[in-house]
2 protein chains.
Amino acid sequence: MRDVSIAGIGVVPVAEHWDKSIKELAGEAVQAAISDAKVDSVDALYVGNMLSGLLNGQEHLGALVADWVGLRGVEAVKIEAACGSGAAALRLGYVAVAGEMADCVVVAGVEKMTDRPSPQVTAALATASDADFEAQNGLSFVALNALLMRRYMHEFGVSHRDFAPFSINAHQNAVANPNALFPHTITADDFCAAKMIADPVNLLDSSPVCDGAAAIVLCATDRARSLADRPVRIRASASATDTIALHDRRDLLGLEAAAVSAARAYRQARVTPADIDLFELHDAFTIMSVLSLEACGFAERGKGVRLGADGAITIGGQIPITTMGGLKARGHPVGATGIYQIAEVVEQLRGQAGANQVRDARLGMAQGIGGSGATVVTTILEAL
Amino acid sequence: MRDVSIAGIGVVPVAEHWDKSIKELAGEAVQAAISDAKVDSVDALYVGNMLSGLLNGQEHLGALVADWVGLRGVEAVKIEAACGSGAAALRLGYVAVAGEMADCVVVAGVEKMTDRPSPQVTAALATASDADFEAQNGLSFVALNALLMRRYMHEFGVSHRDFAPFSINAHQNAVANPNALFPHTITADDFCAAKMIADPVNLLDSSPVCDGAAAIVLCATDRARSLADRPVRIRASASATDTIALHDRRDLLGLEAAAVSAARAYRQARVTPADIDLFELHDAFTIMSVLSLEACGFAERGKGVRLGADGAITIGGQIPITTMGGLKARGHPVGATGIYQIAEVVEQLRGQAGANQVRDARLGMAQGIGGSGATVVTTILEAL
């Protein structure tokens with residue numbers, strides 16, 4: 001197994017891209033990543049995407065995007081794991097390069113969600129749940145997260161307001177991110193007063209429906225060093241699954257796949273949570289931030305919310321999260337999100353995060369989640 | 001790069017499986033493959049599928065199927081490349097095991113198409129074409145193949161009846177296959193008299209809409225030898241892409257991605273077309289059989305149909321194809337097809353193909369195609 005690094009990144013601002021097809025959106029990110037990496041040959045293109053069939057009438061994104069960006073002929077494929085699609089594509093790209101089965105793989109994530117009416121998008125997102133038991137009974141994805149959040153509040157005596165710091169922090173960090181959908185601050189009162197979506201999840205607990213694309217270039221570390229000014233090494237990559245249906249979980253609030261994949265990643269990287277300088281977690285809803293922090297060992301069970309109250313999650317804090325706005329405020333174009341997270345960690349480790357720079361950031365972690373914790377991919381990155 | 005073999009296969013009969021969900025269908029094949037291989041641990045599950053979101057309201061098949069078959073926790077993901085989804089999943093499973101990034105990967109293909117009304121299935125299949133330029137203008141997948149077939153007939157002075165042997169051979173070979181959807185023979189007159197779908201493609205040129213699932217277990221050849229009575233080695237695996245849109249092709253009848261991936265596979269296996277004992281090709285339409293045979297070097301350009309007239313494609317012929325019925329008569333549950341093909345080659349190389357056994361079969365080839373040749377995966381297998 002050889003060492004793998006990220007030689008380049010490319011990111012399209014998260015927005016409502018009504019003037020671009022999904023192919024054009026993905027193409028912009030891929031071309032930017034290839035330019036950034038200055039590679040002259042690519043062996044394969046892996047595209048993470050969840051909803052192109054349902055929302056864009058377009059499957060077969062691998063071949064489509066490959067041709068569009070001038071890579072006609074290369075091996076290309078679409079990889080899907082619900083909202084963890086981008087992260088899953090990264091994982092398979094890593095597998096190909098680490099196993100010396102490819103020298104250079106471009107991994108893209110893309111999603112275009114805003115061309116369709118809202119009920120259609122909600123129904124499409126529900127295909128990440130168990131169709132026979134959850135969606136079938138009318139549970140939307142927000143509703144599933146509401147069940148988790150309500151249970152958490154009940155179990156640990158936590159109020160809805162205790163989740164405010166996670167949303168406030170994400171919005172604060174989005175202000176200086178030119179790629180963020182919501183670059184504006186909010187207050188705790190705004191948070192509490194926001195429109196209810198599925199009690200107790202309100203609008204400011206929730207990440208938005210939006211369009212976006214991001215891409216990275218993976219190659220062996222030796223080659224990345226010769227290409228990029230500041231390559232970023234993948235110290236660990238691990239993936240695990242859990243039941244999709246919440247009612248089948250052994251431990252509803254345990255986020256087992258997050259715990260397992262994080263433990264594997266720590267082992268591979270030979271680090272502990274204390275070594276991680278920043279953590280791009282999957283804050284599709286505020287409750288997921290809290291569960292993820294607990295599952296990954298940054299807080300004891302039931303105490304994840306305290307990291308918000310303590311300011312530990314801010315850029316100057318003990319474990320900065322969502323440093324460029326996260327899913328909440330940068331935006332959550334679902335299949336693209338896992339690659340946005342990686343690109344943002346790379347910016348931090350290159351020291352290019354501007355006003356959002358985490359000081360002396362050397363080790364960054366990203367975690368992409370599909371469903372309410374059913375597919376989890378954890379990646380640990382290191383500045384070279 | 002280490003040697004990879006197939007330690008087990010599992011196949012569900014192709015049918016209208018109205019009594020089973022997509023998860024149950026995939027699960028049957030996966031459990032059969034695991035039993036066949038007698039493996040006691042699995043590192044990852046890759047599921048090839050195209051249309052679960054559009055036709056079954058269910059994405060996120062990786063985690064769903066993993067949990068259902070008792071593999072809760074393992075790395076799992078869905079891989080999509082239109083009708084080449086199963087073949088693409090096999091390719092990534094091969095990459096993981098050959099690169100020593102996983103010791104045992106189960107690769108499944110599944111598709112459940114018959115629960116929905118026909119126009120919805122036709123529209124769903126059209127997402128394999130270029131949505132902006134082909135589907136947008138009303139071209140269904142049959143129509144795209146009709147354009148290719150018409151052009152071929154014009155270019156090479158071939159009649160529609162010249163394609164009959166491909167359909168006749170597929171139906172003949174399906175008779176003894178207990179997993180085939182259409183185990184009955186047809187005549188050349190039946191072929192010519194069949195209902196027109198999109199001129200010149202008629203019903204007996206076309207593979208059917210159906211449900212099915214197949215799975216294989218991949219591991220290092222050393223381990224496969226200790227597990228299976230007759231493991232089958234993957235001598236070569238190669239993937240290539242082309243434009244999706246037919247109007248963008250450099251050579252409309254050349255099937256470039258098939259030629260490129262076959263050439264790579266021959267090189268990797270150090271064989272020539274003459275060494276191949278049987279060829280499970282992607283006969284979604286009779287024209288695709290002919291184009292595939294030509295692109296892979298079994299016939300000169302414009303002369304592929306002659307292999308039908310000569311009887312070369314029959315089980316006793318020079319290059320037997322669709323030996324268990326092919327997409328035409330075994331059936332074409334799109335995302336599952338690539339794995340059915342592999343399982344059938346394995347049966348041939350194990351000498352378990354019964355009445356359809358190709359004598360002394362030692363080297364078999366399978367080719368999965370997504371779209372009208374936009375994604376092509378070629379695999380060469382060898383009896384051990």
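What volume does the second largest pocket have? About 580 Å³. Before the details, the ground rules: this is a predicted model, where local features need pLDDT of at least 70, side-chain atom pairs count only at pLDDT 80 or more, and totals for chains, interfaces and linings use all residues. Residues are numbered from 1 along each chain as its sequence is written, chains are lettered from A and ligands numbered from 1 in the order in which they are written, and side-chain values use heavy atoms, with hydrogens and water left out.

A pocket here is an open set of points on a 1 Å grid over the protein atoms alone, where a 1.4 Å probe fits, with protein on both sides within 12 Å along at least five of seven lines; lining residues have an atom within 4 Å of a point. Volume is the space filled by probe spheres set on the points, which are joined across faces, edges and corners.

The second largest pocket is lined by 29 residues, and those closest to its centre are A:Val142, A:Ser206, A:Ser207, A:Pro208 and A:Val209. H5(A) gives the most to this lining, four residues; helices are DSSP runs of H or I, at least four residues, numbered from the N terminus. By class, the lining of the second largest pocket has 17 nonpolar, 11 polar and one charged residues. Nonpolar covers Ala, Val, Leu, Ile, Met, Phe, Trp, Tyr, Cys and Pro; charged covers Asp, Glu, Lys and Arg; the others, Gly among them, are polar.

The largest pocket comes to about 790 Å³. Its lining has 32 residues, with B:Leu125, B:Val142, B:Ser207, B:Pro208 and B:Val209 closest to the centre. H5(B) gives the most to that lining, again four residues. The classes there are 18 nonpolar, 11 polar and three charged.

Now the rings. Phe, Tyr and Trp rings (six-membered ring for Trp) pair if their centres lie within 6.5 Å; planes under 30 degrees apart are stacked, over 60 edge-to-face, the rest tilted. That gives six aromatic pairs over all chains. One of them is A:Tyr152 with A:Phe163, edge-to-face at 6.0 Å centre to centre and 65° between planes. A:Tyr152 lies in helix H6 and A:Phe163 in the loop between H6 and H7, so the pair ties together parts 11 residues apart in sequence.

How values were computed. Helices (H or I, at least four residues) and strands (E, at least two) are DSSP runs, numbered from the N terminus.
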